[in-house]
There are 2 protein chains.
Amino acid sequence: MSTPDQKLTSTSYAILGMVQMLGTCTTYELGKAMQGSFDYFWPRARSLIYAEVKRLGVLGLLEARKDSVGKRPRTTYSSTPAGKEALAAWLTTPPRTFTLEFEGLLRVYLAPFGTRDDLLQALQTVAGQADTMLHVGAAFKRSYLEGTSPFMDQIHVRALLNDFLVNYADLVRQWSERSIASVRGWEDLTPEGKLEAALGTFTNLPIQDSPSG
Amino acid sequence: MSTPDQKLTSTSYAILGMVQMLGTCTTYELGKAMQGSFDYFWPRARSLIYAEVKRLGVLGLLEARKDSVGKRPRTTYSSTPAGKEALAAWLTTPPRTFTLEFEGLLRVYLAPFGTRDDLLQALQTVAGQADTMLHVGAAFKRSYLEGTSPFMDQIHVRALLNDFLVNYADLVRQWSERSIASVRGWEDLTPEGKLEAALGTFTNLPIQDSPSG
DNA sequence: ATTCTCATGTAAGTCGTTACATGATTTG
DNA sequence: CAAATCATGTAACGACTTACATGAGAAT
């Protein structure tokens with residue numbers, strides 16, 4: 001009963017969950033943990049977290065304890081029964097759709113208004129970004145296989161999560177590499193002589209070009 | 001020279017590019033085109049486009065012509081030399097990093113605070129969303145293979161684009177399906193008896209758990 | 001002792017969304 | 001001709017970001 005859910009955002013629940021996971025934490029620790037865990041699928045700026053925990057405290061979904069370090073005040077948060085209830089209630093609702101924001105694809109779409117080299121550089125930047133992500137994934141993999149990760153007891157769900165994330169990074173990496181290879185084979189961005197390969201790419205997409213309607 | 005780039009966002013350039021692609025268009029047509037093309041990698045609300053073309057008009061990057069339909073006024077836009085220059089200049093800069101916002105993964109991470117069935121439902125929702133995306137991809141594929149797409153002359157770059165998008169949707173679909181299969185095999189969300197499979201998942205990730213360095 | 005990094009926030013601003021209002025056009 | 005849908009915006013609001021300010025602790 002009650003579930004007093006005012007206007008909470010998904011970020012609110014992300015915070016509620018992370019605090020519950022950590023038990024008790026300062027906002028800084030919370031921020032670090034969120035950055036380390038959520039950055040690739042729910043990225044948020046630090047300052048937002050400071051604002052949000054405050055709000056969740058007022059709503060009674062987090063317990064805020066003031067202490068201080070030196071003569072500087074700070075706040076430490078922990079979960080409340082109401083907070084746990086709210087989180088559990090949210091978890092029963094369907095997730096909003098996943099959205100991608102991929103400027104690199106915008107560059108591909110608009111490539112004909114720039115140069116071939118612009119496109120190549122954009123794709124190389126993307127490849128580098130994917131590579132970084134793969135390194136992070138590799139570190140996670142190592143920490144779980146070696147058993148050095150905190151939250152080893154969560155390994156069964158974290159496996160699902162990393163399964164997605166690593167395959168996702170790998171997809172971006174591979175896509176950017178084969179795209180670079182394609183573009184390298186071009187002299188410019190005009191359509192001339194590029195139809196055949198394009199049709200081949202479409203044909204090989206892992207999908208049925210099945211009945212409309 | 002000049003490149004008077006005030007504070008333009010990536011969305012500004014997306015608009016600049018789409019208008020240049022269309023030649024001349026009403027804001028409504030522009031919005032439709034953007035929705036149809038960018039929705040999966042650069043989603044933006046209609047109303048933002050109305051606001052943005054107006055601004056781009058003031059900046060001289062788009063030409064705005066007022067006409068009317070019945071006694072209702074409307075504005076039609078087309079590209080200007082300055083606009084084309086600005087777009088070309090932007091295309092030389094490196095793209096910002098791709099970001100994902102995937103509430104489904106948040107649900108996976110926080111799953112232990114809810115029930116097994118919550119998690120299953122969330123994953124099924126995701127599978128459905130990926131499926132929808134695959135249908136859109138299939139339609140694109142068909143239109144290009146049949147040669148019925150407008151902008152057939154862009155097929156070489158669109159092939160790169162759809163290569164990513166379809167494989168991405170396919171990844172989400174397949175991931176959600178194998179995750180559902182995993183969770184179906186569980187009786188609850190406790191760690192008991194789930195270690196082996198999790199370790200296997202990590203081991204099989206397409207990545208080296210290579211030297212830290 | 002100074003400097004650099006860690007830690008704890010606040011303030012201002014913006015990009016973008018949801019909701020609304022209303023005219024025009026098609027459809028039943 | 002009434003209802004639904006297409007078309008053309010505006011207004012209000014909010015979630016999130018960037019930039020700033022500053023204390024504490026570590027390093028040199």
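**Rings, charges and helices**

Reply: Let's start with Tyr144(B), which is buried, since its relative accessible area is 2% and buried means under 20% (exposed is over 50%, partly exposed in between, with a 1.4 Å probe and protein chains only). This is a predicted model, where local features need pLDDT of at least 70, side-chain atom pairs count only at pLDDT 80 or more, and totals for chains, interfaces and linings use all residues. Residues are numbered from 1 along each chain as its sequence is written, chains are lettered from A and ligands numbered from 1 in the order in which they are written, and side-chain values use heavy atoms, leaving out hydrogens and water.

Me: What makes Phe202(A) count as buried?

Reply: Its relative accessibility is 1%, so Phe202(A) falls under the buried cut-off.

Me: How do you know that Phe202(A) and Tyr144(B) are stacked or edge-to-face?

Reply: Rings of Phe, Tyr and Trp (its six-membered ring) pair if their centres lie within 6.5 Å, with planes under 30 degrees apart stacked, over 60 edge-to-face and the rest tilted. Phe202(A) and Tyr144(B) are 5.0 Å centre to centre with 15° between the planes, so they are stacked. The pair crosses between chains, from helix α8 (residues 195–203) of chain A to helix α6 (residues 116–145) of chain B.

Me: How many aromatic pairs are there over all chains?

Reply: The structure holds 21. In one of them, Phe102(A) and Trp175(A), the centres are 6.0 Å apart and the planes at 70°, so that pair is edge-to-face. Phe102(A) is in the loop between β4 (99–101) and α5 (103–109) of chain A, and Trp175(A) is in helix α7 of chain A, 73 residues apart. Both rings' residues also belong to one aromatic cluster, with Phe98(B) and Tyr168(B) among its other members.

Me: Why is α6(A) called roughly antiparallel to α7(A)?

Reply: The axes of α6 (residues 116–145) and α7 (residues 155–184) of chain A come within 8 Å and cross at roughly 155°. Angles over 145 degrees count as roughly antiparallel (under 35 roughly parallel, 65 to 115 roughly perpendicular, the rest oblique), so α6(A) and α7(A) get that label. By class, their contact has 19 nonpolar, five polar and six charged residues.

Me: What makes the charged end of Arg158(B) sit over the ring of Tyr109(A)?

Reply: A charge sits over a ring if NZ of Lys or CZ of Arg is within 6 Å of the ring centre and within 35 degrees of the ring normal. The charged end of Arg158(B) is 3.9 Å from the centre of the Tyr109(A) ring. Arg44(B) sits over Trp42(B) too, with its charged end 4.6 Å from the ring centre.

Notes. Axes fitted to C-alpha atoms, helices over the stretch in contact; angles between N-to-C directions. Helix = DSSP H or I, 4+ residues; strand = E, 2+ residues; numbered from the N terminus. Nonpolar A, V, L, I, M, F, W, Y, C, P; charged D, E, K, R; others polar.
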